[in-house]
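Trainee: I have a model open and would like to learn how to read it. Where do we begin?

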Amino acid sequence: MKRRRFPPPLGVGRVGAVQSWRWLKRLGLAGILLVVLLVPQLFSTFFASTIGVQSLVLGIAAASIIFLNAIVGMVSLAQTALYGIAAYTVAKLAVEQGVDPWMAALVAVLITVVVALMFGAVASRSEGIYFLMITLASAVIAYYFFSQVTTFGSHEGINGVVPPALLGKPFVDPTGMYYAALICSVLIYLLIWYLRRTPFGYALQGVRDEPVRMRALGFNVPLLRTAAFGFGAFMAAIAGVLLVWYNSNISPGAIDLTRTIDLLTIAVIGGLRRLEGAWIGALLFTIVQTYSPKYTDRFETLIGLVFLAVILASPGGLAGILGGVDRWVRRRIGEVGTATVAPGQRQP
Amino acid sequence: MTTVQAAPRPVALRLRGLSCHFGGVHAVAGVDLEVAGGERRAILGPNGAGKTTLFNLISGEVFPTAGQIEVFGQVITWVPSRKRIRLGLTRTYQTSRLFRMLSVLENIYLAVLGAEGGHMRPVRLRQDREYRTRAREVADRVGLADRLDAAAGSLSHGEQRQLEVALGLAGRPKILMLDEPAAGLSPAERGSLTGLLLSLDPAVTLLVVEHDMDVALRVAESVTVMHEGRIVAEGSPADIRANQRVHDLYLGQPHSPSGEGRVGA
């Protein structure tokens, strides 16, 4: 967002408040970034691994859903299938062919993107609920494919995947894995931040708002949708590669319908309209998933209640709640936001 | 303007036997139409006369059941919608189709980008700044210069209609089709819209579907009246005002002779 010095409209006191609130936000953000940066040093190995790495990786996967929804207006349930393709490719190449892990990762991402582009070329001609159903079907097909084809280990999946030496052994010392996931998350976030301000990014947002008009204005809407789906697959593929390195195995259970729904839950809890919501949602989901067994066996019920509570409080998820608090305070202190565009905020 | 009236103007748009059926509904039934380059043509007709379908056929959003569309001598009947802007064909919509979550400037920028091409480019280049400058100029022309940062979805109805026209203008059209640009505008807003349309480059061919007679008859040099998918009358605004059939069909009552002074209800 463009930062502007506001001309003081309502006297010194209010300007002071505006400035303080801005500094408070900056401090808060800096504090959060500092903690995120120092997770392996500040927290236990268990926390850094189970909560830290997992929520970053799930965050990347959920971010691919949010990117497609918030910027292109496509709700995809195929993202688990896509990260499954990447994870299986890495596992197959690394374990059975002895390919270098980095090379395997590169090939896996490429294959996933190519598959997604072919799928997208067909599916991108449909919109809304129809697109959603096609992606759901593809998720189910991918699950049955990997659970029944014996070269991919059927129900067992493929075990013994070793991450690159640089990243260490995730369960002994998650530091390397954590920073790999963090760097990927930050790069993806920045990439999308940049992308949405390019001609391609604007075109995608145009497709989200008015595909009919986009066609009349001379844009190739199916091509734009397909390319966006391919980019979403690129993000999902990175999540898949990190996932298989972290778990050291991949099995159909990691890409079944439950996981598809989990990922969508994460995206909705975090906020389908803002990218940062992906990681916020993933963090909450992972915390509930990890610590709830101490108190109850009913994880699904619990996360369902969390889901309900969040979307009842704010359709924009947790990210929407944070944005709402910010707007509320700014209104209170007189830094009135007129109806300028808040990035990613849908007007009611 | 010193246009040479003697030289015949080239035909910008020619429709031959154009028909479009939706099931049993003959929305457009055998329309023959010729519009000269630089002509200002109004298309009138009661609701359901097939005016908007005619526009959808010309802009390529709907394909015809029969007939042919020519633009500057080139047959474009089956050319996809998105390629028609390259021929200089732009349009606006009866109900605003704006990019609601983008700002006014970004809306117009997209219209410029669409006409210029290169929208798969995932990097920002110098020409994007130039496109934005062009977008600002267009916003200035339609009177949205002080609303550049406002989200299109947050604009008032009148401003949304102005932005509609801006999106049509941004592609530097040779043929500009406006679908009821004055719909729902206040008298003052209608006045400034009329002014804007009158100030258009004389080379631009203008097709206006309009219910508001003041705007239509002031802007147009010729008028086509449609009814039930067919053309029932064609002529100068004065002819149309005098045409009894048109009165019965559409105007309902005799128009005041001066015409222009009337302010719609």
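**Reading the sheets, domains and contacts**

Mentor: Begin with a strand pair: β7(B) and β8(B) run parallel and are joined by five bridges. Helices (H or I, at least four residues) and strands (E, at least two) are DSSP runs, numbered from the N terminus. Two strands pair if DSSP finds at least two bridges between them. This is a predicted model: local features need pLDDT of at least 70, side-chain atom pairs count only at pLDDT 80 or more, and totals for chains, interfaces and linings use all residues. Residues are numbered from 1 along each chain as its sequence is written, and chains are lettered from A and ligands numbered from 1 in the order in which they are written.

Trainee: Which residue stands opposite B:Leu178 in β8(B)?

Mentor: B:Val208 does.

Trainee: Which strand does β8(B) join through four bridges?

Mentor: Strands of a sheet pair through backbone hydrogen bonds, either parallel or antiparallel. Here the strand is β3 (residues 40-44) of chain B, and it runs parallel to β8 (residues 205-209) of chain B. Find B:Arg41 and its bridge partner B:Leu207. Then find B:Ile43, whose bridge partner is B:Val209.

Trainee: What is the strand order of the six-stranded open sheet in chain B?

Mentor: The order is β6-β7-β8-β3-β9-β10, with mixed pairing. At the edges are β6 (89-91) and β10 (230-235) of chain B; each has a single partner strand, so one side of each lacks a neighbour in the sheet. From one strand to the next, the twist averages 20°. Axes here are lines fitted to C-alpha atoms, for helices over the stretch in contact, and angles run from 0 to 180 degrees between N-to-C directions.

Trainee: Is β8(B) enclosed or open to the outside?

Mentor: Count neighbours. A residue is buried if 20 or more other C-beta atoms lie within 10 Å of its own, exposed if 12 or fewer, and partly exposed in between; C-beta atoms are placed from the backbone. Five of the five residues of β8(B) are buried, so the strand is largely enclosed by the rest of the structure. Both of its faces are covered. B:Thr205, B:Leu207 and B:Val209 are on one side, with B:Leu206 and B:Val208 on the other.

Trainee: Which strands does helix α1 of chain B lie across?

Mentor: Helix α1 (residues 51-59) of chain B lies across β3, β6, β7 (175-179), β8 and β9 (222-227) of chain B. The helix runs at about 145° to β7(B).

Trainee: What is the order of the four-stranded open sheet in chain B?

Mentor: That order is β2-β1-β4-β5, with antiparallel pairing. Its edge strands are β2 (25-36) and β5 (74-75) of chain B, and each pairs on one side only. Strand β4 (residues 66-71) of chain B meets β5(B) over two bridges, in the antiparallel sense. B:Glu70 stands opposite B:Val75 there. α1(B) packs on this sheet too, touching β1 (11-22), β2 and β4 of chain B, and makes about 65° with β2(B).

Trainee: What does a positive phi look like here?

Mentor: Look at two loop residues. B:Glu180, in the loop between β7 and α5 of chain B, has phi near 45°, a positive value in a residue other than glycine. B:Glu180 is buried, with 23 other C-beta atoms within 10 Å. B:Arg172 has phi near 50°, also positive and not a glycine. B:Arg172 lies in the loop between α4 (157-170) and β7 of chain B. With 17 C-beta neighbours inside 10 Å, B:Arg172 counts as partly exposed.

Trainee: How is chain B divided into domains?

Mentor: Domain bounds come from an automatic or database domain assignment. Domain 1 is 9-88 + 173-254, and domain 2 is 101-171. Their centres, taken over C-alpha atoms, are 25 Å apart. Two residues are in contact if their C-beta atoms, placed from the backbone, lie within 7 Å. Eleven residues of domain 1 of chain B contact twelve of domain 2 of chain B. On the domain 1 side, α5(B) gives the largest share, three residues.

Trainee: How many residues does each chain bring to the contact between chains?

Mentor: Chain B brings 35 residues and chain A brings 25. On the chain B side, helix α2 (residues 104-116) gives the most, seven residues.
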